[in-house]
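Colleague: I have a structure open and I'd like to learn how to read it. Could you walk me through it?

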Amino acid sequence: MPIARSHRRPLLTGIVVGTIALVLNVAVPAVAREAIDSTIGGDQKKLTTWAIILICVGLGRFVAGALYRISLFRVAWGVETDLRALLYAHLTKLSFSYFDRTQSGQIISRANSDIRSIQVLLAFGPLIAMSIISFLLAFAFMMTLHVRLTLVALCTLPGVYFFGQKLRHSVFPLTWVSQARLAELATIVDENINGTRVVKSFAAEEHQIGLLQKAARHIEWVNVQAIKERAKFNPIIEALPRVGMAVVLLYGGLLAINDDVSIGTLFAFNAYVIMLQAPFRMFGFLLLQAQRASASATRIFEVLDENPEIVDSPEAVTLSQVRGEITFENVCFSYQNRLSQFNNDSLVKGSEIISNLDLSITPGETVAIVGRTGSGKSTVARLLTRFYDVDSGKICIDGRDIREIKLDSLRHHVGVVFDEPFLFSTSIAENISYGNPTASSAEIVNAAKSAQAFEFINDLSKGFETIVGERGYTLSGGQRQRIALARNLLEDPNILILDDATSAIDIQVESRIHDSLRNHLEGRTTLLIAQRISTIALADRVLLLDGGKIVDEGTHKSLMENNPLYTSILAEAETSSHQGGI
Ligand SMILES: Nc1ncnc2c1ncn2[C@@H]1O[C@H](COP(=O)(O)OP(=O)(O)OP(=O)(O)O)[C@@H](O)[C@H]1O
Ligand SMILES: [Mg+2]
């Protein structure tokens with residue numbers, strides 16, 4: 001309602017002009033009736049006058065019709081745009097846990113086809129409502145002319161309604177099935193395209209084509225069923241008005257012969273019989289579309305009603321200066337797991353990933369976190385940036401609980417680089433300046449230099465203006481990682497987390513990166529999550545994470561000497577990194 005209200009001017013214009021169009025529409029047969037009856041004696045001058053009047057009515061109908069279509073469609077598209085903006089704005093506020101449990105296909109279908117079905121209702125609903133009014137007007141007018149002829153003329157309408165209803169009942173479920181299958185097909189197409197590297201490397205093209213064909217055949221089947229139903233009912237529905245015309249001619253003709261009605265009235269009735277079918281048929285469409293739009297609205301509200309779990313508290317402050325001290329006090333955390341694929345309500349807490357974790361990192365320190373795969377290292381990074389909130393305990397930066405810091409301020413000061421960086425399909429320069437669009441080109445070049453990305457970018461034919469392919473796939477893994485690193489360095493965060501962020505970069509380049517990182521900002525606190533000994537060796541201190549706790553800490557050397565778990569983790573990591581993979 002608030003969205004529709006913000007478009008009330010074109011909406012009101014549309015309704016007013018629409019009413020005029022409708023009255024003129026109903027007037028055409030009435031005017032023709034007058035014309036025929038008053039000129040049937042042979043008055044040629046009158047005939048010209050009537051023809052001009054008819055043309056004027058027709059012109060008026062044309063102008064009003066054009067205006068009300070423009071106004072109403074403008075409202076419908078305006079509402080669609082507003083809804084889409086609202087939905088997207090809401091989605092950007094939702095937390096990671098929401099996206100963990102929601103399929104992106106579901107969100108995309110809500111943003112596309114559900115909004116579209118509301119738009120269709122808004123565009124055609126008023127039109128159809130008005131044509132129903134025109135039905136009533138014409139009906140009343142016909143009744144004033146001849147009651148019995150009116151009833152005879154409209155005797156086929158219940159048939160139109162009945163068969164229309166039958167058609168809808170058989171076709172409506174089929175269109176739903178068709179839409180669901182289209183979504184399935186879209187998922188397969190999407191995976192074929194995005195997963196093409198995996199598909200090709202396993203030579204699984206045949207299998208994928210088979211999947212696609214199967215889905216396509218399902219769609220074909222359901223659409224053929226729908227066509228069969230339509231072929232059954234549509235000819236009946238179209239033939240009925242002609243039966244109506246025959247009945248009017250027969251009964252009305254008899255009345256005219258007996259001088260009970262005029263020739264003009266007979267003509268007008270014939271015109272109305274045809275005209276009145278449309279509202280009857282469209283009324284069914286309106287009901288159907290209203291059902292569909294209300295289902296769509298429910299699905300859209302499902303997203304809009306989803307509360308963002310991680311929001312700024314009212315007392316949250318903006319940090320201007322950060323020293324970079326990090327403490328975890330007795331932190332416990334577990335992810336939420338979904339019990340079923342379709343029911344969002346059945347959420348349960350999974351097993352505890354982080355349990356009673358205590359951790360303290362002093363400003364400017366470089367600390368490495370080492371642990372088995374799945375031990376929760378990335379989770380520590382996600383908690384520190386508040387992608388998720390802790391279940392108990394607290395995390396502080398410079399002694400302040402991160403829940404008391406404004407989210408954008410927190411994420412500005414704490415930069416994370418992940419191992420699988422996502423690049424946008426824009427230029428390299430735009431990718432690097434993503435978090436800081438006003439950065440000068442000198443700043444962009446500096447960031448690229450610090451991330452040891454400058455040389456390879458310069459070697460590209462278009463340099464910083466090179467457009468990277470989707471997700472940056474035209475670059476190598478190590479190149480992508482360096483661009484992602486440059487993107488974070490440009491933001492100049494006081495706390496930098498590198499989560500396996502240099503895993504694809506060779507050791508010499510990596511050590512140069514760490515040299516320039518050190519020069520770049522002396523006081524920066526750096527958290528290294530790494531498997532490679534060369535990377536870990538850069539840390540002042542190494543923390544060993546196991547079972548959700550820090551089980552040991554020390555320098556790389558002391559842990560190597562004293563901790564068998566530590567040596568076995570590193571040995572495993574070395575072997576698995578040599579095996580490689582896709
Ligand atoms: N979004 C999520 N929802 C539910 N469980 C998750 C989610 N992300 C991670 N987990 C689980 O939490 C555990 C810790 O994951 P995490 O990504 O922190 O491991 P990690 O130590 O970074 O491992 P790796 O070295 O392989 O990157 C894993 O058992 C994983 O299955
Ligand atoms: Mg990880």
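**Reading the sheet, the core and the ligand shell**

Modeller: Let's begin with a strand pair: strand 1 (residues 326–333) and strand 4 run antiparallel and are joined by 5 bridges. Strands (E, at least two residues) and helices (H or I, at least four) are DSSP runs, numbered from the N terminus, and two strands pair if DSSP finds at least two bridges between them. One bridge links Phe333 to Ile354 in strand 4.

Before we go on, this is a predicted model, where local features need pLDDT of at least 70 and side-chain atom pairs count only at pLDDT 80 or more, while totals for chains, interfaces and linings use all residues. Residues are numbered from 1 along each chain as its sequence is written, with chains lettered from A and ligands numbered from 1 in the order in which they are written.

Colleague: In what order do the 4 strands of the open sheet come?

Modeller: The order is 4-1-6-7, with antiparallel pairing. Strand 4 (354–361) and strand 7 (400–401) are at the edges with a single partner strand each, so one side of each has no neighbour in the sheet.

Colleague: How many residues does the largest nonpolar core have?

Modeller: In soluble globular proteins, nonpolar side chains tend to be buried together. A nonpolar core here is a set of buried Ala, Val, Leu, Ile, Met, Phe, Trp, Tyr and Cys residues joined through C-beta atoms within 7 Å. Buried means 20 or more other C-beta atoms within 10 Å of a residue's own, exposed means 12 or fewer, and partly exposed is in between, with C-beta atoms placed from the backbone. The largest core has 67 residues, and Ala486 and Leu528 are among those with the most contacts inside it. Helix 17 (residues 477–491) gives the most to this core, with 6 residues.

Colleague: How many residues of helix 17 are buried?

Modeller: 12 of its 15, so to speak a mostly covered helix. Ile483, Leu485 and Ala486 are among the buried ones. Just after helix 17, Asp492 has a positive phi of about 55 degrees.

Colleague: Why does Ile533 count as partly exposed?

Modeller: Because Ile533 has 15 C-beta neighbours inside 10 Å. Ile533 sits in helix 19 (residues 533–536).

Colleague: Which residues are around ligand 1?

Modeller: A residue is near a molecule if its C-beta atom, placed from the backbone, lies within 6 Å of it. Around ligand 1 the residues include Asp100, Tyr335, Lys377 and Thr379. Helix 12 (residues 377–384) gives the most to this shell, with 3 residues.
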